[in-house]
Amino acid sequence: MAATGQPVNDDIFEYVPDDEFDDVWNPPPGLWGRLITVQNQYVGMRLIFLSLLMFTLAGILALLMRLQLIRPENNFINNETYNELFTMHGSTMMFLFIVPLVEGIATLVLPQMFGTRELPFPRLTSFAFWTFLAGGLIFYASFFFNSVPDGGWFAYVPLTGPKYSPGLGMDYWLLGLNVAEVGAIAGAIEIILSFFKMRAPGMSLNRIPVFAWSMVVMAFMLIGAFTPLIVGSLLLEFDRKLGTHFYNPEAGGSPLLWQHVFWIFGHPDVYIQFLPATGIISTIIPVFSGQRLVGYTAVVLALVATGFMSFGLWVHHMFATGLPELSLSFFSAVSILIAIPSGVQIFAWIATMWRGRVRLETPMLFALGFFFIFVLGGITGVMVGVAPFDFQAHDSYFIVAHLHYVLFGGAVFPIFGGLYFWGPKFIGKMFNEHLGKWHFWLLFIGFNVTFFPMHIVGLMGMPRRVYTYQAGLGWDIFNLISTIGVFMIAAALLVFFYNVYRTFRFGEKAPDNPWHADTLEWGTPTPNYQYGFRRLPIVHSRHPLWDEDKSIHEGTPEEEALVETLALWPRHYRAQLIVTTLDARPQEVVRIAGPSVWPVVGSVGAMLFSFFLIYDWVIPAGISAVVTAVSLILWHATNRPDRPEDPAKVAEFERRTGVPVVGPKSPAMNRWTMLLTLGSLAIVVATLIFVHLYLRVESAQWPPENITLPGPLLPGYAVVMLLAGAIAHFWAATGYRRGEMSRLTTGLIAGGVLGIAAVALCVYHGTQLSFTAQTNAYGSSFMVLSFVVLGTLAVGVLMSLVTAFWAIRSDYSVREYDYVQDIALYWYAITAFGLITFAVLYLLPYFI
Amino acid sequence: MQDVNTSFLKNPWLNFGMIGAPIIWSVHFLIVWLLVEFGCAVGLANTHWFGVNAVHATVLLATVAAAGLIVFSGIIAYRRYQRLQSLSSDEQSRFQREVERARFMAVVGMAFSVLFLVVVIYVALPAFVLPPCNIANL
């Protein structure tokens with residue numbers, strides 16, 4: 001079958017050999033080039049190797065813990081060190097291992113699986129990697145500064161608050177992991193935009209591979225779950241550093257509030273790690289069974305349903321905290337029902353194997369290992385979803401066994417399967433099959449030897465997170481067995497790393513499609529070109545490499561003309577096709593960004609900002625923040641081609657293909673990016689409103705004693721101005737659509753000025769209040785919520801006035817001001833935020 | 001594509017039919033949980049409307065509304081599906097990509113409606129048997 005194929009020559013768009021394409025797409029030469037590269041295959045590999053490094057570090061910590069527990073009353077490690085070890089182990093595994101690893105696999109695989117060339121914002125991908133690295137460095141720097149976090153991966157307050165954790169350990173935890181979480185969200189945005197807008201022509205919604213579906217559900221969940229965690233973590237840091245009282249019960253705060261905010265993240269996070277793994281399984285099983293996935297639609301449905309339902313489970317981590325029985329039962333019900341979509345996937349996989357002919361090669365072994373382990377973990381999950389059982393098993397080793405069966409079995413096994421599966425394509429060499437099988441069996445047996453006894457010892461009453469235990473309780477033998485199992489896991493990992501080393505060094509060259517797989521990433525030569533497909537494929541089915549009789553580049557005359565021409569031109573910059581969301585019809589040709597050092601500088605700035613804040617070094621932290629801000633501006637400002645394209649060729653390209661060439665400012669991508677930004681902002685505001693309302697529910701009196709309810713008059717005027725500002729932006733956007741640039745300018749200036757007036761009014765109002773953020777929890781949540789909403793308004797003002805300035809100077813062509821409609825969208829959203837916040841802060845207290 | 005009205009293959013109702021049910025469930029879940037938390041906090045536990053406890057009544061009202069909306073989204077998905085099935089074979093082949101994709105969305109929508117109808121009812125069932133504001137004791 002034709003792979004990328006050779007583009008035909010052309011009278012207007014001259015044929016150039018692949019080498020010239022390589023020059024545009026490959027990283028610049030030398031070490032510097034490797035540093036600033038943003039190419040998805042490089043960044044994806046880096047994310048994978050960074051995650052495996054983190055996995056190894058966390059594994060070593062686990063090994064030390066198991067050595068301590070090998071026998072009763074052992075004194076290998078003291079209690080303080082043990083607390084530090086389980087905190088670092090859990091936090092690393094949850095934040096710095098699986099999430100970056102699955103994002104790494106997605107970054108590596110998705111563009112080629114979609115039959116395209118790159119992710120939409122390569123510099124953002126690069127930023128995601130560097131921030132992950134920066135977050136990990138801060139987190140592990142705590143060892144060198146003798147400030148290792150010890151409050152558990154869940155960081156429950158009041159234990160982690162300023163009173164009971166006065167050291168800097170929790171600051172390392174909060175600020176270090178926040179940096180890494182920003183990286184996670186950046187990666188998620190890339191996946192979402194790529195899924196909806198950057199696919200090969202013809203890859204309509206129903207033809208997208210299940211792996212991609214699992215990744216996009218994961219990405220949405222990641223934004224939905226990590227954003228509240230970042231907000232909650234910052235509030236805890238405010239409590240520790242700025243004297244606010246969100247979680248301080250002595251001043252109206254609530255320790256349970258932290259548990260809510262944490263588990264709103266924490267439970268979906270389990271599925272954030274699990275769903276991509278199921279996507280890998282849904283890819284591996286059909287390939288190694290030689291059979292199409294049975295029930296594609298049902299599996300997609302199960303993925304999306306799981307994504308939604310996973311946000312209705314978080315309270316099952318809090319069953320033992322004393323909640324109303326009725327609300328507790330809501331969460332219990334969903335905890336049980338979520339087994340339905342998981343079961344749908346399991347049966348689809350069984351049916352696929354049943355109808356096919358299974359080949360037991362290494363990736364498939366890992367898929368089968370996943371089956372066995374995950375089903376056990378799922379069953380114990382349903383058990384702990386039942387509140388009365390959970391009351392008994394809570395905080396026991398039974399839970400440790402359950403969560404490892406779900407996460408190790410449900411995520412790590414499929415991920416290893418995925419690495420063996422895709423490795424040959426992207427490394428260009430085959431893994432050693434014999435070593436792969438040794439890796440699997442050692443890991444499978446070692447895992448079960450380690451964690452199965454924990455079920456028993458947990459039911460016998462052994463609590464989790466204890467650094468030692470008394471002899472004679474019947475726990476000794478089970479702990480000994482578990483420790484032996486950990487050594488088997490360590491041996492398995494040594495085999496794996498040796499296999500990786502051996503493959504890079506001596507591995508056999510991999511064929512283009514060694515597994516006879518069906519998806520498009522296998523349709524390119526091995527090793528892969530950095531641009532994936534020079535001539536894009538045209539998709540007609542879910543299994544393009546199995547179903548296409550002749551060439552993967554055949555389609556309608558219009559689409560064939562497009563892929564042929566796009567293979568020749570534009571060639572001085574990285575050109576990428578944007579398609580319609582539902583049907584993957586060609587929509588725009590965009591220029592995506594090339595190598596840049598600014599994502600690296602921005603990440604270093606963010607790292608130093610967090611590090612200096614840990615030590616209250618305000619001025620260096622401020623300088624670091626400025627460095628980050630400047631690098632973000634330069635990141636965009638330097639996104640220009642070396643030389644402009646010939647306008648005549650642009651016109652000819654558009655005439656021939658019917659697809660506009662829009663340069664770096666793609667209206668379609670701008671719209672999606674704005675919607676995602678607004679979605680994230682909405683989650684931030686919703687979290688803060690939740691915090692405010694939760695504190696109100698927990699308080700006997702609202703506002704608390706000695707605080708007068710602030711009058712609504714001045715903020716009411718501000719809200720009216722905000723509404724007027726939104727109307728002005730509506731006027732500007734409609735003016736642009738009618739081609740009236742003067743209306744655009746006037747509307748933006750009017751809206752911006754109204755926004756400034758609203759901010760000024762609110763700031764003045766704030767100076768008149770009888771409380772501050774340090775007065776009590778009411779003051780804390782009032783001020784932070786107001787500050788955030790005013791901050792979003794200030795950003796809106798800046799966007800409008802800068803754009804108006806550019807429009808007055810006529811800096812860009814009229815077509816390039818299309819994003820004014822996105823600015824208008826932003827104003828509608830912040831107006832809604834303002835109205836809701838006004839109602840919550842100023843009107844609601846009159847009613848409840 | 002100009003001579004046949006294909007707008008039904010791509011319009012907001014199809015999107016609602018596909019993804020409406022899980023969104024409605026999410027809103028319902030949030031509302032019933034907040035109703036219980038708030039209701040208990042502001043003393044609704046002892047208030048009765050027409051002989052029904054106020055917390056229970058609000059949970060049930062929210063559930064009836066959510067169930068109704070989910071059924072509505074399911075009907076929309078079903079009607080889209082029927083419309084697709086009634087296309088002539090010529091239309092089906094001319095718009096094959098759009099038709100297959102729209103059918104996929106409609107099937108997913110119908111299945112979502114059934115699944116989330118069950119979930120909404122199952123989540124609300126305890127309101128029939130449990131007192132509204134009793135704290136769970138270990």
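This briefing describes salt bridges, a surface patch, helix packing and backbone features in the structure above.

The model is predicted, and for that reason local features are reported only at pLDDT of at least 70 and side-chain atom pairs only at pLDDT 80 or more, whereas totals for chains, interfaces and linings use all residues. Residues are numbered from 1 along each chain as its sequence is written, chains are lettered from A and ligands numbered from 1 in the order in which they are written, and side-chain values use heavy atoms, with hydrogens and water left out. Helices (H or I, at least four residues) and strands (E, at least two) are DSSP runs, numbered from the N terminus. Residues are called buried under 20% relative accessible area, exposed over 50% and partly exposed in between, with a 1.4 Å probe and protein chains only.

**Salt bridges between the chains**

- Over all chains the structure holds 21 salt bridges, a salt bridge being a side-chain nitrogen of Lys or Arg within 4 Å of a carboxyl oxygen of Asp or Glu.
- A salt bridge is formed by A:R207 and B:E100, whose closest N and O atoms are 3.2 Å apart. Because A:R207 lies in the loop between helix 6 (169–197) and helix 7 (210–241) of chain A, and B:E100 in helix 4 (residues 96–124) of chain B, the pair joins two chains.
- In this pair A:R207 is buried, with a relative accessible area of 6%, whereas B:E100 counts as partly exposed at 27% relative accessibility.
- B:R101 forms a salt bridge with A:D583, and here the closest N and O atoms are 2.7 Å apart. This pair also joins two chains, because B:R101 lies in helix 4 of chain B and A:D583 in the loop between strand 1 (574–579) and strand 2 (586–592) of chain A.
- B:R101 is buried, with a relative accessible area of 0%, and A:D583 counts as buried at 1% relative accessibility.

**Salt bridges within chain A**

- The side chains of A:E564 and A:R535 meet in a salt bridge with an N to O distance of 2.5 Å. The pair links distant parts of the chain, 29 residues apart, with A:E564 in helix 18 (residues 557–566) of chain A and A:R535 in the loop between helix 16 (476–506) and helix 17 (544–547) of chain A.
- A:R535 counts as buried, at 12% relative accessibility.
- A network of salt bridges links A:D171, A:R240, A:K241 and A:D616.

**A nonpolar surface patch on chain B**

- B:V114, B:V118, B:I121, B:Y122, B:L125, B:F128 and B:V129 form a nonpolar patch on the surface, together having about 680 Å² of accessible area. Patches are made of residues with over 30% relative accessible area and no salt bridge, like charges being joined within 9 Å and nonpolar side chains (Val, Leu, Ile, Met, Phe, Trp, Tyr) within 5 Å; accessible areas come from the Shrake-Rupley method with a 1.4 Å probe, and for residues only the protein chains shown count as cover.
- Helix 4 of chain B gives the most to the nonpolar patch, with four residues, while helix 4 and helix 5 (126–129) of chain B each supply at least two.
- B:L125 is placed in the loop between helix 4 and helix 5 of chain B, and at 40% relative accessibility B:L125 counts as partly exposed.

**Helix packing in chain A**

- The axes of helix 12 (residues 362–385) of chain A and helix 14 (residues 397–427) of chain A come within 8 Å and cross at roughly 160°. That makes helix 12 of chain A roughly antiparallel to helix 14 of chain A.
- Axes are lines fitted to C-alpha atoms, for helices over the stretch in contact, and angles run from 0 to 180 degrees between N-to-C directions; angles under 35 degrees count as roughly parallel, over 145 as roughly antiparallel, 65 to 115 as roughly perpendicular and the rest as oblique.
- A:L435, in helix 15 (residues 433–459) of chain A, counts as buried at 17% relative accessibility. The C-alpha atoms of A:L435 and A:N499 are separated by 6.3 Å, although these residues are 64 residues apart along the chain.

**Backbone features in loops of chain A**

- A cis peptide bond with omega of about 5° joins A:V157 and A:P158, and A:P158 lies in the loop between helix 5 (122–144) and helix 6 of chain A.
- A:T526 and A:P527 are joined by a cis peptide bond with omega of about -5°, and A:P527 is found in the loop between helix 16 and helix 17 of chain A.
- A:H516, which is not a glycine, has a positive phi of about 55° and is exposed, with a relative accessible area of 53%.
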